[in-house]
Amino acid sequence: MSLSGSGLRPARLFQIPESIPYLDTHQLAVLSESFTAWASASKRYDVRLSRSRIRLIYLLIRHTGAKLGEIQTVSERDFNPAGPSLVLGRFRGGAHSTREVPIPEEVAQELKTFFEQVGNGPDVFRNDPGHVRRKFYERGRECGFSQKLCNPSIIRRSRAIEMLRGDIPLPVVRQTLGQGSTDLSALFCRFSSQDQQRIMADLIKREQGRTSARNQFYGTITAIRGEGVSFEVELKTQGGETVVSVVTAGSVASLELKPGREVIADIKAPWVLLARGPKFPPMGARNTFSGKVQEISRGAVLSEVILCLPDSTRICSVLTTRALDSLQLRQGDQAWALVKSFAVILRLE
């Protein structure tokens with residue numbers, strides 16, 4: 001589940017150690033514009049084609065985080081325009097720990113055009129690494145960046161940091177970059193003590209909210225039953241309650257619901273029926289919750305009753321004041337909350 005319930009995103013807070021050189025997203029955009037202007041500046045077709053090759057090498061490293069040597073072995077067979085994506089880590093003579101990395105649509109279109117111009121041989125990106133690095137340095141100097149910030153390794157590192165700041169899990173970053181361990185990625189970031197306190201305070205606040213929020217159940221899906229257009233989703237809450245919701249097939253697909261997935265079950269107060277007393281109520285409802293009346297707020301027409309369950313979850317019911325009077329509920333009474341399965345709405349945190 002995401003930690004962004006309150007708007008606080010740890011990935012936005014981490015600090016990059018001063019000893020780690022990198023380019024931020026804005027600087028990468030400036031460098032990309034420099035490569036684009038340089039590649040199209042010459043009037044000679046062969047020079048433009050040669051510069052386009054260097055520019056594409058840069059763009060592929062910038063968006064995939066691949067090593068320069070990997071990009072230099074890319075051929076048309078590694079390009080999936082339908083993705084669009086690029087298969088990396090494939091060496092001539094066999095496969096070696098390959099991985100498929102998505103690329104932007106505009107980069108894919110330029111790659112397709114480039115292959116149409118130069119063919120699909122295995123050496124279309126083959127170039128002297130020293131020459132490639134010199135062109136990277138030149139473009140960086142044109143942008144006012146120091147030379148140490150504009151080599152292929154730094155571009156690769158910058159992409160990793162960009163992904164981490166985009167809330168991409170560290171294992172995914174590692175797999176995308178083709179790293180053998182998390183050490184390289186872990187060096188890219190650290191959290192200050194103030195950031196750590198803010199993150200933990202946010203977690204505690206959200207955990208407290210889970211027990212004080214009205215008509216919200218946090219739980220794990222234990223079963224999904226049904227077929228056709230509707231499904232019955234059953235979940236076990238943190239307090240041990242069982243909650244059942246009927247949802248459409250479209251909701252199951254869009255929310256990617258499956259056993260083991262954590263979800264939030266919301267119930268609107270007007271859909272909560274009440275029954276007085278400790279005995280199980282005779283009224284039919286798929287969801288029944290026993291608790292004590294914590295608070296009653298009377299109105300001229302409508303009233304509100306808050307029931308507190310054993311796990312401190314609070315269920316609010318809005319009913320007519322006449323119905324409240326007929327129930328003869330008092331604060332501290334044992335009561336039941338009854339909710340039909342179609343009235344339970346599931347969502348992700």
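## Strands β7 and β13

In this predicted model, D266 stands opposite I345 of strand β13. The partner strand is β7, residues 262–267, which runs antiparallel to β13 and is joined to it by four bridges.

Side chains along β13 (residues 344–347) alternate between two faces.

## Helix α2

Helix α2 spans residues 25–41, 17 residues in total. From first C-alpha to last it reaches 25 Å, close to the 24 Å expected at 1.5 Å a residue.

The buried residues of α2 are L28, L31, S32, S34, F35, W38 and A39. They lie on the same side of α2 because they cover an arc of only 160° around the axis. An α-helix has 3.6 residues a turn, so residues three or four places apart point the same way. The cover over the buried residues of α2 includes α3 (45–64), α6 (129–142) and α7 (152–165). On the other side of α2, H26, E33, S40 and A41 are exposed.

## Cysteines

The count of disulfides is zero, with a cut-off of 2.5 Å between cysteine sulfur atoms. C143 is in no disulfide: the nearest cysteine sulfur, that of C150, is 6.9 Å away. C316 has a relative accessibility of 4% and therefore counts as buried, the cut-off being under 20%.

Technical notes. Residues are numbered from 1 along each chain as its sequence is written. This is a predicted model: local features need pLDDT of at least 70, side-chain atom pairs count only at pLDDT 80 or more; totals for chains, interfaces and linings use all residues. Side-chain values use heavy atoms; hydrogens and water are left out. The expected span of a helix is 1.5 Å times one less than its number of residues. Buried means under 20% relative accessible area, exposed over 50%, partly exposed in between (1.4 Å probe, protein chains only). The arc is that of the directions from the helix axis to the C-beta atoms. Contact means heavy atoms within 4.5 Å. Two strands pair if DSSP finds at least two bridges between them.
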